Every structure is written in C-alpha cells, then in structure tokens.
There are 2 protein chains.
Amino acid sequence: MTTTTQSYKALTDESAIALAESLNFFSQGAKLESQEIGDGNLNYVFKITDGESGKGLIIKQALPYAKVVGESWPLTLKRATIEANALKKHGEFVPELVPAVYATNEELAFTVMEDLSHLTIAREGLISGEAYPKLSADIGKYLAKTLFHTSDFALHPFEKKRLAVEFSNPELCKITEDLIFTDPFFDHETNDFEPELQTAVEAIWNNGPLKLEAAKLKKSFLTEAEALLHGDLHTGSIFASETETKVIDPEFAFYGPIGFDVGLFLANLIAQAVTREGEKREAVIRHIENTWKVFSSTFSELWEEKGIEAFKDTKGYKEFVLEKIFQDAIGFAGCELIRRTIGLAHVKDLDGIEEPERRIGLKKQVLQTGEALIVKRKDLPTIAAVIALVEEQN
Amino acid sequence: MTTTTQSYKALTDESAIALAESLNFFSQGAKLESQEIGDGNLNYVFKITDGESGKGLIIKQALPYAKVVGESWPLTLKRATIEANALKKHGEFVPELVPAVYATNEELAFTVMEDLSHLTIAREGLISGEAYPKLSADIGKYLAKTLFHTSDFALHPFEKKRLAVEFSNPELCKITEDLIFTDPFFDHETNDFEPELQTAVEAIWNNGPLKLEAAKLKKSFLTEAEALLHGDLHTGSIFASETETKVIDPEFAFYGPIGFDVGLFLANLIAQAVTREGEKREAVIRHIENTWKVFSSTFSELWEEKGIEAFKDTKGYKEFVLEKIFQDAIGFAGCELIRRTIGLAHVKDLDGIEEPERRIGLKKQVLQTGEALIVKRKDLPTIAAVIALVEEQN
C-alpha cells in the first residue's frame with residue numbers, strides 16, 4: 001500500500017524556499033528563510049519566513065516511513081493527501097478552527113498551509129498549567145460542525161459515499177485498530193509500561209467483560225461510517241492560545257463513528273485533569289463538561305436547522321443519535337486512556353511526572369478510569385456522571 | 001453518477017451470438033440461437049444455445065435506465081460490474097450456490113454466465129406450491145459463508161477496506177434507502193396500496209415509536225459496513241429446484257449490515273408462508289427456522305475455524321455478534337414486509353391473490369407482522385419467538 005513513486009523527493013530548505021517563492025504568497029524579491037521544525041518521525045515541517053514583513057507559512061511533507069520508538073516502517077504517502085483534503089473539507093464548516101491550506105502536491109506529498117507558530121500545542125500548554133479558556137467551546141463546535149456536516153444527516157447519500165471512498169485510509173486506521181483497540185488488551189510486544197504496573201496490566205488482559213466491551217468498540221471503529229473524523233484528536237493535534245484554537249494533523253481522517261473524535265479529546269482532557277489539583281484541576285474538568293455541552297447543543301441545532309434526514313423530526317431520533325454518540329465517546333475515551341498508559345504511544349501529561357510514586361499512582365488511577373468508562377459507558381447518562389466517575393477514582 | 005459512454009451499445013441477438021462465438025465456450029461451427037428472456041425493465045438477458053450439444057449460456061447486459069411502473073430513470077451501468085464482481089467474490093466461498101461467470105465487459109456492461117434456465121425462480125415455484133427442500137440449508141450456508149468471509153472477522157483490514165471501496169454502490173443503495181427505509185413510512189408518491197389499506201397505512205405514518213425504530217434501521221443500513229452483502233436477497237433473486245439453489249442478481253451488492261441479507265430473505269419467506277395453509281405452510285415455516293439455524297451454526301463454525309479477529313475467543317463476543325445480526329435481521333425483515341405491501345415494489349405472493357377480501361386481509365396481517373418485528377426485534381430472543389409472532393398475527 002506504500003507509494004514511493006520515483007518522483008517523490010524529500011524537500012530541503014532550499015527547495016522549500018523555491019517552492020514558497022513560486023506561490024505568490026510572499027512579495028516578490030522577499031528574502032525567505034527556512035527552518036525545519038518537525039520532529040522528524042513522520043513528516044518534515046518547514047517554516048518559511050520573510051523576516052522583513054513577518055509573513056510566514058508552513059510546508060509539511062510526509063516521509064515515506066514512520067519512526068516510532070526507534071523502529072522504522074513504511075507508511076503510505078497518501079496520508080498527506082488525506083490530511084490536506086480533510087483540512088479543506090473540515091475548513092468548509094469551521095474555517096476559523098483549522099489552518100488555511102494554500103497548496104498541495106500529491107506526488108511530493110506536501111501541503112502548504114497557514115503558519116500557526118504563534119500558538120502553542122495544547123498538550124504542552126496544558127502541562128505547563130495553561131487553562132485555554134476557549135478550548136472546550138471551540139473544540140465542541142469543531143466536533144459538532146465537522147461531524148454533522150459530513151454525516152448522512154446533512155449530505156446527499158451520493159456525496160457522503162463519494163467522500164467515504166475518497167477518505168478510505170486503511171493504513172492509518174490499522175495503526176489505531178492495533179494500538180488503541182487491540183494490543184493494550186493482550187500481552188503484545190508493542191505495549192510499553194513500567195514494571196510497577198505489571199499487576200494492573202495483567203488484570204486488564206484477564207478481564208473478560210472489559211475485553212468484550214473493547215471488542216464491541218473496535219467493531220464500531222471498523223464498521224461504522226458515520227462521519228468524516230479527524231481520527232486522532234488528542235491535545236497534541238491542537239494549537240491553542242488564550243484567544244485561538246486550531247485543529248491540525250488530520251492524517252488519520254476517515255469515515256468512522258462520530259464518538260471516536262469526541263472520546264479521544266475527552267480522554268486527553270481526563271489524562272491532564274488527573275495531574276492537577278484544586279482550581280487548576282477544576283478548569284480542565286469544566287472543559288470536559290463544556291466540550292460535551294457545546295458539542296451536543298451545536299449538533300442539535302444543526303440537526304434542526306440543516307438536517308436532511310426524512311426521519312429528522314421523528315420523536316426521539318435526535319436524542320437516540322446523541323445518546324449513541326455519547327456512549328461511544330465514553331467507551332472510546334476509556335480505550336484511549338488505557339493505551340496512553342500502557343500501549344505504544346504515551347502522553348507527556350503522565351510520563352512527564354518525575355516523582356515515580358506519584359506517576360505510577362496516577363497511571364493506575366487512569367487505567368481504572370479507562371476500564372470503568374468502557375464497561376459502564378451505557379450506564380453513565382450524563383457528562384456529570386462521567387466526571388463523577390473520574391473523580392471517584394481519585 | 002450515470003455513465004453512458006459513447007462505446008456503450010445495446011446488444012442484439014446477432015451481436016450476442018457473435019460475442020458467444022468469440023468465447024471458446026461452444027464448439028467451433030456450432031449453430032447458436034439467441035433468445036432475449038429478460039423482463040426488459042433493467043437488463044437485457046440473452047440466452048444463447050447450441051441446439052445440437054444442448055449447451056447454453058447467459059449474456060446479461062445492463063440498460064442505462066430503469067423502468068419501474070411505467071416510469072424510466074437513468075441508472076448507472078456500473079451496476080453490471082458490481083454484479084459480476086460480487087458473483088465472483090461470493091463464488092470464491094460458495095461456488096455451488098452462484099452462477100459461474102465466464103466473461104465481463106465494463107464498457108458494454110455485460111456479464112456472460114452460466115445458464116440456469118433448468119431451474120425456476122424460487123418465488124414463482126413457491127407461489128405454485130413447491131417446497132424446495134434444500135432452500136433454507138443452502139441459503140443459510142450462502143449467507144454465512146459470503147458474509148463471514150467478506151467481514152473484518154475473516155479479512156485483513158486492508159483487503160476489507162479495498163473491497164468496501166470497490167463495491168461502493170451509491171445509486172443502488174439509494175433505491176433501498178428510499179423504497180425500503182423511507183417512503184413507506186411517509187405519505188410519499190412512490191407508495192402503492194389498495195384503498196382498503198388506507199387506515200392501516202395511515203396508522204404506520206402516524207406511529208412514532210415504529211418510525212423511530214425504522215430510522216435506527218435505516219441508519220444501520222447507511223453506516224454499518226460489516227460485510228459484502230448481496231443487497232437484494234428476496235426469493236426472486238434465487239433459482240431453485242428440488243436439488244439445487246443458485247443466488248443471482250447481486251447488483252445491489254455493497255458493504256452493509258450482515259442482518260440485511262438475512263432479514264430480506266426471511267421476510268420473503270414470511271410473505272409466502274402467510275399465503276399457505278396446513279402442511280404447505282409448515283414447510284415454509286420450517287425454512288424460516290432452518291435458515292437462521294444453518295446461518296448461525298455455519299457462521300459460528302467459520303468464526304472458530306477461520307476467524308482472525310484478536311478478540312475472537314473473548315467470552316461472549318461471538319454471541320454478541322450473532323445476536324446483533326439476529327436483531328438487525330428481524331428489524332430489516334419488518335421493513336421489507338411493510339414495503340412489499342404498501343411501497344413501490346410489491347411481491348406476487350400477495351398481489352397475486354385474486355380474492356380481494358383474502359388479499360386485503362393477508363396484507364393487513366403482513367403489515368402488522370412487519371410493524372411488530374421492527375418494534376419488538378430486541379425482545380425476540382430466538383427464531384422460534386419470531387415464528388410465534390408471525391403465527392400470532394394469523
């Protein structure tokens with residue numbers, strides 16, 4: 001499935017500048033500088049700036065392989081096209097919440113887009129204690145608008161199915177299928193956890209009822225093409241400031257269950273909240289509550305105002321759909337919490353805690369929360385009940 | 001979405017014979033005869049025979065439009081490719097239960113396949129009182145094998161998603177979305193029913209809880225890509241005899257919920273059973289029971305022997321999947337019963353009953369059965385409970 005055509009060539013600072021000059025973005029004769037600011041694991045990220053005008057843009061190029069924990073494996077370049085197209089499609093509905101896309105090139109697998117380097121990656125900011133007052137309202141709106149407008153509730157079925165084909169994304173979905181929905185529930189070599197967690201982890205591997213619910217959630221991820229998801233909406237995929245929020249990196253985009261995007265974001269807020277105390281904790285807890293509140297009210301308004309489904313006014317249908325999304329989201333959040341603690345890819349919110357006893361304690365707590373969210377997801381009627389459950393494990 | 005390329009040309013008896021001669025199927029110099037045996041609504045069907053050897057084959061060509069109740073509308077020729085590819089894909093798993101495909105042509109939208117004219121369309125045979133002793137065992141096996149083997153339980157996710165794209169079938173799916181899942185539940189111009197049913201039909205249109213459940217089933221049809229369905233598995237899509245069963249016409253094939261194929265077949269058996277009495281009725285009732293029995297036991301065996309899902313041995317997962325398929329199937333069967341009674345496309349089993357009072361009475365009964373199956377589908381634990389419900393309405 002990996003495409004490395006002969007015409008693919010990694011960009012350099014020089015060729016990135018030449019590319020930027022060709023775009024009519026900077027004024028003619030501007031002296032451009034290039035800086036590669038990517039982490040080099042999956043993509044090159046060139047920041048091109050004109051020191052004089054202060055203007056800048058980003059050129060992101062996919063690498064034909066992924067480096068994770070030292071290993072390297074081939075990874076489709078098609079993800080660059082998926083990412084650019086998802087940014088453009090979602091941008092139709094929330095232009096203020098995603099970077100503008102200026103140019104794309106499928107063969108070279110690059111996307112030229114708005115420079116957002118005046119913002120901070122939300123995860124980093126949250127770890128350093130930021131509150132980002134607009135975060136949950138913006139992400140709630142982002143979720144509702146992108147997901148509603150790409151669903152069967154808003155699109156003609158021909159267009160929805162055309163998009164589902166366009167965004168078929170088997171390789172990146174498989175990463176999620178393995179790393180979120182499978183490996184953490186089995187004694188698998190990709191798992192990664194401190195020896196102190198061995199007992200807790202083995203309890204997961206031996207927890208039949210938990211695994212049954214995880215299997216159902218995996219099935220939903222594999223089969224339910226409800227809307228065009230971001231597919232990887234953790235706090236590391238969000239740029240934020242006091243006044244702005246921008247969602248980036250939708251290379252995992254595909255048609256999947258709406259609750260997945262919602263749940264991933266909620267889980268990453270939970271993983272941050274548990275590391276905090278007092279007022280600062282409350283701020284994140286309020287984000288958890290508000291994300292669902294804004295999502296569900298915005299989704300509900302869109303349903304009423306823009307819904308095209310013949311059954312849209314059938315009593316109870318909207319409520320059924322929102323309840324399904326909620327239950328799915330809570331279950332997916334549980335899977336995300338577990339895999340971020342014992343799977344291949346961790347979060348700095350937890351791993352960055354230096355005091356070992358506290359880190360291990362919090363991780364155990366996060367594992368318990370994850371398990372409870374998965375198993376009890378149909379018995380948690382409100383976001384307040386979810387928050388109560390999170391606090392109970394404290 | 002409709003493709004009528006310049007190179008498309010309707011076949012004639014002459015060009016069909018020329019095509020047959022080019023295939024190395026008949027012996028050289030054989031004197032071939034052609035007879036167009038299609039009903040002319042959707043496709044041409046040429047039967048080419050060599051009177052001397054008795055050999056024959058079928059050339060089926062899609063027409064670039066559909067004629068239904070006098071109206072004509074454009075319809076994608078791509079359905080010929082979908083049909084041929086579905087026959088071939090399903091044929092990998094049940095070669096004995098589908099016609100062999102000898103040749104296909106995408107531009108001319110034709111498929112050359114095994115001549116099955118020694119068999120009878122099952123609906124016709126059943127209406128004339130046949131029992132077809134092998135019917136349910138064969139269809140149960142057909143359903144289990146085609147659906148299991150094209151699902152995530154048996155396929156690598158790359159292959160499953162490749163097939164889901166290949167079989168994207170928006171135009172034909174829309175026919176189902178409209179005619180089975182939408183129009184019959186609303187006062188829509190495509191509906192067609194005797195004035196004596198007006199009260200019963202209006203009761204459906206005003207039945208909120210029924211419509212809510214129909215909306216959920218429609219959502220499942222729109223979003224759940226579980227397996228490569230036949231997509232139109234009524235008794236008119238099956239050739240049968242005392243000793244043989246062949247499933248034809250999968251032009252509605254797409255990745256959808258497994259229960260849809262199961263439910264459509266069950267509904268058509270129910271619509272036949274209610275027209276019968278005594279022993280003859282019992283024979284069809286036993287087919288209903290046996291279809292589910294054979295389907296579920298075969299699916300279960302395949303799960304154990306060929307399943308690749310990591311959670312396959314997780315306690316309760318197989319049972320959950322089979323229960324979901326069963327509940328879906330019962331709900332879809334209910335929708336099929338309703339639309340076959342008051343929607344655009346009826347069944348001869350009911351429409352062919354000449355005595356008006358009996359016909360209307362049975363149709364009212366079928367409507368009630370359909371409604372009950374939809375609303376109670378989660379409270380019917382076994383196929384015996386479904387049969388009891390069918391008999392209750394009698």
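A salt bridge is taken here as a side-chain nitrogen of Lys or Arg within 4 Å of a carboxyl oxygen of Asp or Glu, and in this predicted model six salt bridges are counted between chain B and chain A. One of them joins B:E226 to A:K219, with the closest N and O atoms 2.6 Å apart.

On the side of chain B that touches chain A, at least two residues each are supplied by α5 (157-166), α6 (170-179), α8 (208-223) and α11 (317-342) of chain B, and it is α8(B) that gives the most, with 10 residues. By class, the residues of this side of chain B divide into 20 nonpolar, seven polar and 15 charged.

The contact between the chains draws 42 residues from chain B and 42 residues from chain A, and the two chains bury about 3500 Å² between them, 73% of this area lying on carbon and sulfur atoms. Within chain B, the residues that lose the most area to chain A are B:F158, B:K219 and B:F311, which together account for 19% of what that side buries. Because 100% of the interface residues of chain B are also interface residues in chain A, the copies meet through the same surface.

Within chain A, the domain assignment gives domain 1 (13-114) and domain 2 (120-393), whose C-alpha centres lie 27 Å apart. The contact between these domains takes 25 residues from domain 1 and 28 residues from domain 2 of chain A, and the area buried between them is about 2300 Å², of which carbon and sulfur atoms give 65%. Four salt bridges are found across this domain interface, and eight residue pairs, both residues at pLDDT 80 or more, are in polar contact there. On the side of domain 1 that touches domain 2 of chain A, helix α2 (residues 78-91) of chain A provides the largest share, nine residues, while the class composition of that side is 14 nonpolar, four polar and seven charged residues. Elsewhere in the account of chain A, the side chains of A:D249 and A:K60 meet in a salt bridge at 2.5 Å, N to O.

How values were computed
Residues are numbered from 1 along each chain as its sequence is written. Chains are lettered from A and ligands numbered from 1 in the order in which they are written. This is a predicted model: local features need pLDDT of at least 70, side-chain atom pairs count only at pLDDT 80 or more; totals for chains, interfaces and linings use all residues. Side-chain values use heavy atoms; hydrogens and water are left out. Contact means heavy atoms within 4.5 Å. Buried area is the accessible area (1.4 Å probe) that two parts lose on being put together, summed over both. Helices (H or I, at least four residues) and strands (E, at least two) are DSSP runs, numbered from the N terminus. Ala, Val, Leu, Ile, Met, Phe, Trp, Tyr, Cys and Pro count as nonpolar, Asp, Glu, Lys and Arg as charged, and the others, Gly among them, as polar. Domain bounds come from an automatic or database domain assignment. A polar contact is a pair of N or O atoms within 3.5 Å; within protein, one must be able to donate a hydrogen and the other to accept it, and residues adjacent in sequence count only if both atoms are side-chain atoms.
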